[in-house]
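User: Could you go through this model with me? I would like to take the overall picture, then the sheet, then a few residues.

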Amino acid sequence: MELQINNQTKTYELEKISIHDLLAIEKSCHQQGIAVAVNNRVIPKDLWATHFLQSGSSILIITATQGG
């Protein structure tokens with residue numbers, strides 16, 4: 001499966017992958033304050049485990065930061 005993640009093409013040897021699984025693979029699942037958009041649509045966190053990605057999808061992982 002090929003996905004565009006934050007404007008980088010990545011290939012995974014999985015036929016089926018959820019947002020939750022993707023974040024675990026990318027080591028982003030334990031971070032606080034992240035949001036995920038799939039094909040320009042924000043996916044609520046409570047749907048990450050059941051929202052499966054399609055090959056060719058564009059995923060944007062956004063991490064909130066503090067500062068001033």
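User: How much accessible surface does the chain have, and what share of it belongs to carbon and sulfur atoms?
Analyst: The accessible surface of the chain comes to about 4900 Å², and 48% of that belongs to carbon and sulfur atoms; the areas come from the Shrake-Rupley method with a 1.4 Å probe, and for residues only the protein chains shown count as cover. Please keep in mind that this is a predicted model, in which local features need pLDDT of at least 70 and side-chain atom pairs count only at pLDDT 80 or more, while totals for chains, interfaces and linings use all residues. Residues are numbered from 1 along each chain as its sequence is written, and side-chain values use heavy atoms, with hydrogens and water left out.

User: What pattern does the chain follow along the sequence?
Analyst: Read along the sequence, the pattern is β-β-α-β-β-β, with one helix and five strands in the chain; helices (H or I, at least four residues) and strands (E, at least two) are DSSP runs numbered from the N terminus.

User: And what radius of gyration does it have?
Analyst: The chain has 12 Å, which agrees with the value near 11 Å that a compact globule of 68 residues would have; the radius is taken over C-alpha atoms, and the globule rule is 2.2 Å times the number of residues to the power 0.38. Along its principal axes, the C-alpha trace spans about 40 × 25 × 20 Å.

User: On to the sheet: in what order do the strands come?
Analyst: The five strands form an open sheet in the order β2-β1-β5-β3-β4, with mixed pairing, where two strands pair if DSSP finds at least two bridges between them. The edge strands are β2 and β4 (41-43), each of which pairs on one side only.

User: How are β1 and β2 paired?
Analyst: β1 and β2 pair in the antiparallel sense over four bridges, and I5 stands opposite Q8 in β2. Their hairpin has two residues between the strands, and N6 takes a positive phi near 50° there.

User: Which strand is joined to β4, and by how many bridges?
Analyst: That is β3 (residues 34-38), which runs antiparallel to β4 and is joined to it by three bridges; V36 stands opposite I43 in β4.

User: What does I19 touch?
Analyst: Leaving aside residues up to four places away in sequence, I19 touches V36, V38, I43, W48, H51 and L53, where contact means heavy atoms within 4.5 Å.

User: Is S18 buried or exposed?
Analyst: S18 counts as buried because its relative accessibility is 2%. S18 lies in the loop between β2 (8-11) and α1 (19-25), and, again without residues up to four places away in sequence, it touches W48, A49, H51, F52 and L53.

User: And where is D21 found?
Analyst: D21 is found in helix α1, and at 35% relative accessibility it counts as partly exposed.

Key
Buried < 20%, exposed > 50% of the residue type's maximum accessible area, 1.4 Å probe, protein only.
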